[in-house]
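Hello,

Here is the structure I promised to hand over. Please open it first, then read my notes below.

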Amino acid sequence: MADATLFARRRSPLQDHGAALSRGAVSGPRGVTLTEIPHLAQITLRGDPGNTDFLAAVRSALGLDLPLKANTVAAAGDVSALWLGPDEWLIAGAPDSEADLTARLNAALKDQHVSVVDVTANRTVLELAGPSARAVLEKACGLDLRPREFKAGQCAQTNLARTVGILEMTQGGAWRIYVRNSFAVYLADWLLDAMAEYAIDAKF
Amino acid sequence: MTGFRLAQGGRIDRSRPLSFTFAGRAYRGFAGDTLASALIANDALLVGRSFKYHRPRGIYAAGAEEPNALMQLGVGERTEPNARATQVELYDGLTANAVNAWPSLEWDLGALTGLASGLFVAGFYYKTFMWPPAFWNKVYEPAIRRMAGLGTAPREADPDLYDKVHVHADVLVAGGGPAGLAAALAAAQAGADVLIADEQAELGGSLLSARATLDGWLRATLEELRGMPNVRLLPRTTVFGYYDQNYLCLLERRTDHLGPAAPAGISRQRLWHVRARQVVLATGAHERPLVFAGNDRPGVMLAGAVSTYINRYAVVPGKRAVVFTTNDGGYRTALDLAAAGAQVLAVVDPRPESAGDLPAQAHAQGIEILNGHAVVAASGGKRLDSVSVAKLGGGAARGVVCDLLAVSGGWSPVVHLFSQSQGKLRWDEAKHCFVPGTVTQAQRSAGAANGSFALGAALAEGFAAGAEAAKDAGFGGWRAPEPPEVDDPREAPPLALWQVPGAEGRGKAFVDFQNDVTASDLKLAAREGFESVEHLKRYTTTGMATDQGKTSNVNALAILSDATGRSIPATGTTTFRAPYTPVTYGAMAGRDRGDRLDPIRVTPIHPWHVARGAVFEDVGQWKRPWYYPQGGEDMHAAVRREAKAVRTSLGVLDASTLGKIDVRGPDAAEFLDRIYTNGFRKLGTGRCRYGLMCRDDGMVFDDGVTTRLADDHFFMTTTTGGAARVLEWLEEWLQTEWPHMKVYLTSVTEQWATVSFAGPRAGDVLRELSPALAVDEESFPFLSMREGVVAGLPARIFRISFTGEASYEVNVPSHHGLALWQAVMAAGEKHGITPYGTEAMHVLRAEKGFIIVGQETDGTVTPLDLGMDWIVSKQKDFLGKRSFARPDTSRADRKQLVGLLPADPAEVLPEGAQLVWDAAESPIRMVGHVTSSYWSPNLGRGFALALVKGGRDHHGKTILAPLAGKTVEARIVAPNFLDEGGKPLHG
């Protein structure tokens, strides 16, 4: 566990945006909410999936098998691994666990040609949930988001409202969007705008 | 009074009367009316003037193909031009005007052009307005535009919301008529996700226009479709574009039909981007006009439209009607007219006999049938008053007094989307129309769109197409339900009659109503050699109006084929292009307006900049502080103050936007050696080096400082704007050319916030914030990096400089960026720390002669042009090296980077100013241009960087910048305005 004072001095991109996010929440059968999940630990892991030593070392470090199928997620406890490319994964964990995760990976992968890079501060995470969440996302994203096609445990790197993000569907059916910090306010405002119509009770 | 509303029937809601105005007069209609049907009910058939001759024109059709009834809807910021009255749903308070009625609908000057119409033949623009040339822009074109008119665009910003969605479907059905509904039902029952779109408010298509409807089936089908979770019904939605890989665009008019009652916060229109596994085109057919003299008189209408008005809207467009038809369909209109109480004076049928069931019914009702006859002329002014009917092959014409002529020249399948999808059309000799031929995408056509005009056949095709589409989308094993029982009348073959013989000399016979193109225009064009249908179209403008020739194209090319003695298929068609009907710019823009025009990127320190009143500059998508004005300062004053503070005391810059790439692996050093023009293998751990990258053509591509963190680990920085393309460039080489190299790249641009403080007091601040760090010259030399703690935050501290002053760039994880900035501001307060923006940064680096990629370079500049040979390695190979051996990159007269000092110290040259040796020369030879130019508070004068041909050989010479109103003299100097110690060089 890192220094608690240091953690307290962190600032997330949407720290001042809480009121706007609450105001934008829509309840009811057409409901949709947008929240920030700040400071999730994130590590970019690069390595050769054809190398069993690599896979075994990661398994020993994280307790999970790296997903080898494109755009899928593997999870163990609060650690998950998102497939981003044939040799690239995003390891996500609980806030303030990045130092621990990095150390575990580095120790297990010593002497292998891999890359373990802490990118915790690179992105924040937005969560879009509720019955209208998919409809909101369809305004921003060209992927096939139908439940048959994009299920829990899947992820994708994609364009979202002309920014880029990593989209993940959680086991609870919510959408997580990993977005670069610099775009976070823009994207949150974009999604809030897209959510606004679901709060309007109008027949047309 | 001729047009009238029936007391009962139709699909209008008589309990909901609506008021509207047209051309300034108030009218009443009902919910369920279109603007066109309501106008007919008010006997206001005259809706505009024609484009060229200003002839009175009336409502002609009942759908998207309408060429005449073009409306200017609404007023002020919400006004919309060129809406087809036949597609505008009536709402309470609607205001409409004719787009083309200058100076008024009832009486206009433009009609005089009709008397001088010899001027307006095919190609008249090219022939008439050629001389004198200067007159085109100033006199002819404005006058023609004013008279022709195509409505008025609003001048104000659009107050309405528009948005876009992206959806995927297993089966997209375009068209909600009988075939489309059948297809949707079959596909949905098979389990496919179905999206069915129809341009009308009510689904049903032709079923809504017929008397003998399948009302029960329609209701049951709609109810079933609405109840299915895998079906999305989109009424008021036009599939307007069909692109590659079954990608289609749809325009949904969500609240247009509510007018002022539209709810706030709901998008008025929505653009749908749809990717469909399978597409069913059930887009119906358009009826064709017949070509005879005066065929454009108000009161001449398409027969199918007349039936639609009667059966769907309960309005009868005339009381004394003649039907002129080449096929059995026209008889249905005769029967509809008779049933509605109009007097049907005759059905004029050029076929020698009428053997079908419908003619028999008409005959049984006592309607006179004139076989072997044709209408050769229609006459009347603002309203049809009579037609001349003559026997084909000669004989005297007889006049028939009437106020309505319903015409049918046959039907053309709506093959627009099919053709847009790159499908090839086939001419059907029996049906006299183009039908879908070779299919090129995952798609099928059904019903009238496929040339199957009879209802029973259309339904059967629809069910089959839906089931097959579902099967091909992965939902097989389902048998489509049986189509409902339909008792289609027996029909005799139609006749092709492209132009009525015996009409010549009786007046203008129009083919393209909207662009006022006549049959004789087309023939003239053919005689003049415009034999290709593409040439004919452009020369005569036929088919080029906003209706895209929906009623005119087939007639036009048939007349051309006749004039050139070729068959219709040999003549060919012009290209169908999206959009099928016009799409508003608002819908295309969607929410991408104002602040959403482009994504906005901000650094973690952004809130501080905002609070401090910074003025921002767009650098790519980033908002970077440009300068921080204080107490009413203008930009120049603020930049002077900021640039001065850095040289004399202390300035601080948010450099978080710099691109950052983590480079790791045993081959990392070798990789960087190949990428940069200078060497990195020998760089010590903890040391930094400025590097330059070229593309393979040898031109400067990006630059930045790279630091060795460990033997196999580097931290690269790039320009702010180049971050993404540098990473792509590096990955491209790694993945495609050097896949054996063991290197991994990770973008960490946003992992790190960068606070750069510079100036004589910079070391003091670092010492205060990082007491444990040895900051002396020996322990922490220039171009090195230390990891440490700054203001209590774990940090990487780089001693590098882009200003020429002592300078530290401190990187912390970006969630600590604002905390670091605040700590630096607090520690620097006693030194008068001055936040500076990108403009002061530019001044400072230019004083030092440091380039900015993209400002001093433009993709045509080599390192040698910049005088940076010192950074180009002679020992090793690197990307771009071989290009330096090309003769062109070693020309002596290439543009080279120089400094400029204007003769007048107060002068600041404009960036981009062209430079010449001799301003009196003619033509004047340009030898260079200014790339950067500022007023320097440190030099006390204006100065510039420039690229000048052979510039390095001309140091000390005077060059000229001819500007508007004056010519500025400047002396060429070396591009560094400071001495080695950072002091200004004077003189």
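Which residue in S5(A) is the bridge partner of Trp83(A)? The bridge partner is Trp89(A). More on that pair below.

First, the ground rules. This is a predicted model, in which local features need pLDDT of at least 70 and side-chain atom pairs count only at pLDDT 80 or more, while totals for chains, interfaces and linings use all residues. Residues are numbered from 1 along each chain as its sequence is written, and chains are lettered from A and ligands numbered from 1 in the order in which they are written.

**Two domains**

Chain A splits into domain 1 (14–39 + 122–199) and domain 2 (40–119); such bounds come from an automatic or database domain assignment. Their centres, taken over C-alpha atoms, are 25 Å apart. Domain 1 of chain A and domain 2 of chain A each put 12 residues into the contact. Two residues are in contact if their C-beta atoms, placed from the backbone, lie within 7 Å.

On the domain 1 side, S7 (123–129), S8 (155–160) and S9 (163–169) of chain A each supply at least two residues. S8(A) gives the most, with three residues. Strands (E, at least two residues) and helices (H or I, at least four residues) are DSSP runs, numbered from the N terminus.

**The sheet with S8**

This open sheet has five strands in the order S1-S7-S10-S9-S8 (chain A), and the pairing is antiparallel. Two strands pair if DSSP finds at least two bridges between them. S1 (33–37) and S8 of chain A are at the edges; each has a single partner strand, so one side of each lacks a neighbour in the sheet. S8(A) and S9(A) are joined by six bridges. Within that pair, Ala156(A) has Leu167(A) as its bridge partner.

**The sheet with S5**

Here the order is S3-S4-S5-S2-S6 (chain A), again an open, antiparallel sheet of five strands. S3 (73–76) and S6 (115–118) of chain A are the edge strands, and each pairs on one side only. Now back to the two tryptophans. S4 (79–85) and S5 (88–93) of chain A pair in the antiparallel sense over five bridges. Trp83(A) and Trp89(A) are bridge partners.

Helix H4 (98–108) of chain A lies across S2 (41–46), S5 and S6 of chain A. H4 runs at about 20° to S2(A). Axes are lines fitted to C-alpha atoms, for helices over the stretch in contact, and angles run from 0 to 180 degrees between N-to-C directions.

Best wishes
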